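This briefing begins with the sequence and the structure, which are shown just below.

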Amino acid sequence: MSVALDVVTIVAVSGGAFFFLAGTIGLLRFPDTLTRLHALTKADNLGLGLIVLGLLPQAASVRDGLKLLAVWFLVLLAGATVSQLIARVARQDGPPG
Amino acid sequence: MTIATTYEVLLAVMVLGLAVWIVAARETFAAAEGFVAYGLLLPLIWVRLGSVDVALAEAAIGGGLGGVLLLSAAARLRSTEMAVAAARPGRTLHLTAAIFSAIVALSLVAVVLFLPEPAPTLAPTAVENSAATGLGNPVTNVLMAFRAMDTLLEKVVLLLALVGIWSLAPEQLWGGRPGPRHEADPRGVLAFLARLLCPLGIVIGLYVLWAGADYPGGAFQGGTILAAMWLLVMMAGLTDAPEIIRRWVRLTLVAGPGVFLVVGLGGLLLGNAFLAYPAAYAKPLIVAIEIAMTLTVAATLGLLMAGPPERRV
Amino acid sequence: MSAAIVFGLCAAVAVGLGLYGLITDPQPLRKILAFNILGSGAFLFFGVVARRGAAVGLGGDPVPQALVITGIVVAFAATALAVALLLRLFEATGAATLSWDRPLDAPDDPDA
Amino acid sequence: MTEFFTGALGFILVMLALSLVRVLRGPNDADRMMAAQLIGTGGIAALLLLGAVTDLPAAVDVALTIALLATFASIAMVKKGSPRLDGVGQDSTEGP
């Protein structure tokens, strides 16, 4: 049982790290603001989400698990809102595209 | 170099890189954006140093309210920037300042390298006396009992800063509402965020206050989170800032220091000293002070961020 | 090297950088930013002292930690007051400068 | 498991350091703000992993606070100090 949970942790956290890598590379390499925004949201939602998912089996108590899920939910909410707001600024700042 | 040290060096280099950028950036607004990132990285250092209480405070202030304050100010002052930047001091002053700052930094480096061994610590004393209050969090013990006077005066300082800001209002606007009225878009993304985030944030703020008795957290950290939620609702235009002349505003602002003072004077009358808690009631009294403090901190920080009164209606 | 040494050195450099910015930057808001960097460096020192004082099962000496929390509150209050003063100055004069030469009157003089 | 978390933590820290480059390079406000947002998220991930590695469960509370407040800076940036959401009347153009 604990081995299976450890495998879940390793797979999920590695997946999360991969999406952070993808998000960071996208943020650095993509040509304009809106495509970079696209890359950012991957790291926000999937990267952190998978890391939270991976940490859940290791949580010491139900309360710790709930806190982890709350962190993810807050980041999802913040990410969804902020990407809207940033897109608004990007549209004002530069040519669309 | 161990792995842990490598990480610490990486973190320190990141923070210092941002600090250089904040000092050197051409545009103030960009520097303020760097300061937000700086404020988001500092809590990592504090957790690494084992000071989770401080990490919470730094996250709430540095990553949250402080960044908002400086970003908004930078945006409002953007038009003046080029003119003021032209007044850069001469090369001699830059060189002198660089040498002076380097000397200060190097002396501090020497201080760090030659700190006394073994390190002096008050931790054993704090643990020995923790039974007197019944609280499990040593930092809360220090804040609320062993150095209660500091904490009382710190809240008075917050209040004085607010009085200072309010006194910047033009005579005819005294007693009015602080800051501009934020335009509401009830179907917009900001109103959506405020409606969803605010209840959650209030729960988390109260949780941080409640946890503060035995685990990292406390009145200031919880109050800062509540202040941020209030500010969010104001920025979304869902509610307006209160007129500062209102009695409930004034009462909330003095509630924390007021309760603290009353308990302190009670200690003088019943016990043996100012701010001495009667042993049997130490914990309930401290919790009562902390609850009043949280409300006061939330109100004070919210109004500090809102600025001086700008409107009568 | 321990965490205390690494972050102690980091604190020293942050104080130096903040001090330099505070002295040289002509813009008051930049001075406020630099002041905050200087402050965070000073706070980190307390964190280092607290870390070194770890004993009897505590991760750090609680007294410096409590002092830093007080310090953060006071520094924030000071920052908010300074920002409000600056914005009021801007409102009243249309400029945000501490210089005697009003930059609006003499925009072309770099050595002013 | 600790070794694995330590490795993951180092990886996230390197990602954080890389996204700092975007703060420095810009070119405009939105880009810097995105980098700050990514640093917020990465910092949260690092805090969660650090809490698991060093056995400091309270690190999650710090992560929770950051998650709650990281949005504020972006809102302040978009509002640009004006009461309107799109910051009309403020000069928001900036060359690369």
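How many residues does the contact take from chain B, and how many from chain A? The contact takes five residues from each of the two chains, chain B and chain A, where two residues are in contact if their C-beta atoms, placed from the backbone, lie within 7 Å.

This is a predicted model, in which local features need pLDDT of at least 70 and side-chain atom pairs count only at pLDDT 80 or more, while totals for chains, interfaces and linings use all residues. Residues are numbered from 1 along each chain as its sequence is written, and chains are lettered from A and ligands numbered from 1 in the order in which they are written.

**Fold of chain B**

- Chain B has twelve helices and two strands, these being DSSP runs (helices H or I, at least four residues; strands E, at least two) numbered from the N terminus.
- Read along the sequence, the pattern of chain B is α-α-α-α-α-α-α-α-β-α-α-α-α-β.
- The C-alpha trace of chain B spans about 65 × 60 × 35 Å along its principal axes.

**Packing of chain B**

- Of its 313 residues, 51% count as buried, a term that requires 20 or more other C-beta atoms within 10 Å of a residue's own, with C-beta atoms placed from the backbone.
- Among contacts in chain B between residues at least 6 apart in sequence, 75% join residues at least 24 apart.

**Domains of chain B**

- Chain B is divided into domain 1 (1–86) and domain 2 (136–313), with bounds that come from an automatic or database domain assignment.
- The contact between these domains takes ten residues from domain 1 of chain B and 13 residues from domain 2 of chain B.

Technical notes
A residue is buried if 20 or more other C-beta atoms lie within 10 Å of its own, exposed if 12 or fewer, and partly exposed in between; C-beta atoms are placed from the backbone.
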